[in-house]
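Work through the following exercises with the sequence and the model side by side. Each task is followed by a solution that goes step by step.

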Amino acid sequence: MSAVALIPPPLSLYVHIPWCVRKCPYCDFNSHGQKGALPVDAYVDALVADLEQDLPLVWGRTVHSVFFGGGTPSLFPPEAIGRILDAAAARLRFAPAAEITLETNPGTAEHGRFEGYRAAGVNRLSFGIQSFDDGCLARLGRIHDSAEAEAAVRLAQAAGFDDINLDLMYALPGQDLTMAGRDLERAFALEPAHISHYQLTLEPNTLFFARPPAGIPEDDAAWAMQEHCQALLAAHGYVQYETSAYARAGRQCAHNLNYWRYGDYLGIGAGAHGKISQGSDGSILRRWKHRHPSTYLRDAASPARIGGDEAIAPEARPFEYVLNALRLVEGFDLGDFERRTGLSRAAIAAPLAAALARGYVERDGGRIRPTELGRRFSNDAMTLFL
Ligand SMILES: C[S@@+](CC[C@H](N)C(=O)[O-])C[C@H]1O[C@@H](n2cnc3c(N)ncnc32)[C@H](O)[C@@H]1O
Ligand code: SF4
């Protein structure tokens, strides 16, 4: 495979907090129901030790975004989040306007918390709302009702947060098209800058997968919901920029965009994944940490914290790149493909021709964009690049 110079892309930092009040029956994230008091201080120490050891991978590079994901990062008090950010800022160069997001479960919103997160440096909140229908929320095993969700978002706004994402899911048990639209109307009333709109999927290793709940909409009904909701989102000024992501002008999530554009990220915390490119030798490293919180806590101060290191072979890069980039409405630029994979565009000439011939993508100079057909059959389109 012919090579070109690999230019390290922008760098992000992902911080995983692996606990939730209670595990939701549809969720396969690395999250564990809380049993008793959380070892907050020990976990913050572990994160700092983990970061410290990963620093040689990113010497001299600037961090453009930080994302506290989970799990439920809002289970950690503002002081803990502040300690993590201070430790990161003391060891890494942050871009002046770095986006710093914290995932928040509305069931954990306490008075004064949001002011604390802002003071700690968080400038974007992502709320796990899922639905504003109390019946749907109960069937999803959520720890909050819709009134609590609305109150939490308003508390955050009163604390000065204007960069807010709401996560919603559709194709829920017992949900029809009208209900899915009503969820969005309730979201619009809160005027978030960003809405993530996910189709509920039955993930292996979840309770829902083992015993699917009654009333999950069939594929055609789910597709109709998606089209209806896309139209509603567009009519309210939320522009789709990725399969499940919609934003007001200029309010896309910089952190997630960096993933989808095959950017680099350090991942610290239990089960966190990182991807780091080295311009010096053209290598791309994937590194992940032990998943279980207790193993991670035990090993965080040593190389034993690493669950695995894997060099991404040049042959694997085209599929990895396209798997991300074809999720984006903007698609990708062939020059960017070359800089970020270290491969010549010739490496994808054949699958690209096939995708063009099938109408999955369109080409405009060096830019490749998925068509509506390509977005609907994205798995087929991506498989061409395997
Ligand atoms: C890590 S959670 C975010 C925040 C927080 N843990 C919460 O749930 O309130 C990320 C988001 O992924 C979505 N999600 C989780 N499991 C899903 C599934 N099985 N199908 C579709 N979306 C899912 C939910 O919208 C969820 O808010
Ligand atoms: S959906 Fe969110 S709150 Fe529920 S288990 Fe998953 S990470 Fe935790």
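**Exercise 1.** Determine how many residues of domain 1 and of domain 2 are in contact, and how the touching side of domain 1 divides by class.

*Solution.* Two residues are in contact if their C-beta atoms, placed from the backbone, lie within 7 Å, and by this criterion four residues of domain 1 meet four residues of domain 2. On the side of domain 1 that touches domain 2 there are one nonpolar, two polar and one charged residues, where Ala, Val, Leu, Ile, Met, Phe, Trp, Tyr, Cys and Pro count as nonpolar, Asp, Glu, Lys and Arg as charged, and the others, Gly among them, as polar. The bounds, 11-258 for domain 1 and 321-383 for domain 2, come from an automatic or database domain assignment, and the centres of the two domains, taken over C-alpha atoms, lie 28 Å apart.

This is a predicted model, in which local features need pLDDT of at least 70 and side-chain atom pairs count only at pLDDT 80 or more, whereas totals for chains, interfaces and linings use all residues. Residues are numbered from 1 along each chain as its sequence is written, while chains are lettered from A and ligands numbered from 1 in the order in which they are written.

**Exercise 2.** Describe how strand 4 is covered and paired.

*Solution.* Strands are DSSP runs (E, at least two residues) numbered from the N terminus, and strand 4 spans residues 62-70. Eight of its nine residues are buried, a residue being buried if 20 or more other C-beta atoms lie within 10 Å of its own, exposed if 12 or fewer, and partly exposed in between, with C-beta atoms placed from the backbone. Two strands pair if DSSP finds at least two bridges between them; strand 4 pairs in the parallel sense with strand 1 (residues 11-17) over seven bridges, and six bridges join strand 4 to strand 5 (residues 93-104), again in parallel.

**Exercise 3.** Is Ser 244 buried or partly exposed, and why?

*Solution.* Ser 244 is found in the loop between strand 9 (239-242) and strand 10 (245-247). Ser 244 counts as partly exposed because it has 17 C-beta neighbours inside 10 Å. Leaving aside residues up to four places away in sequence, Ser 244 touches Ser 196, His 197 and Tyr 198.

Technical notes:
Helices (H or I, at least four residues) and strands (E, at least two) are DSSP runs, numbered from the N terminus.
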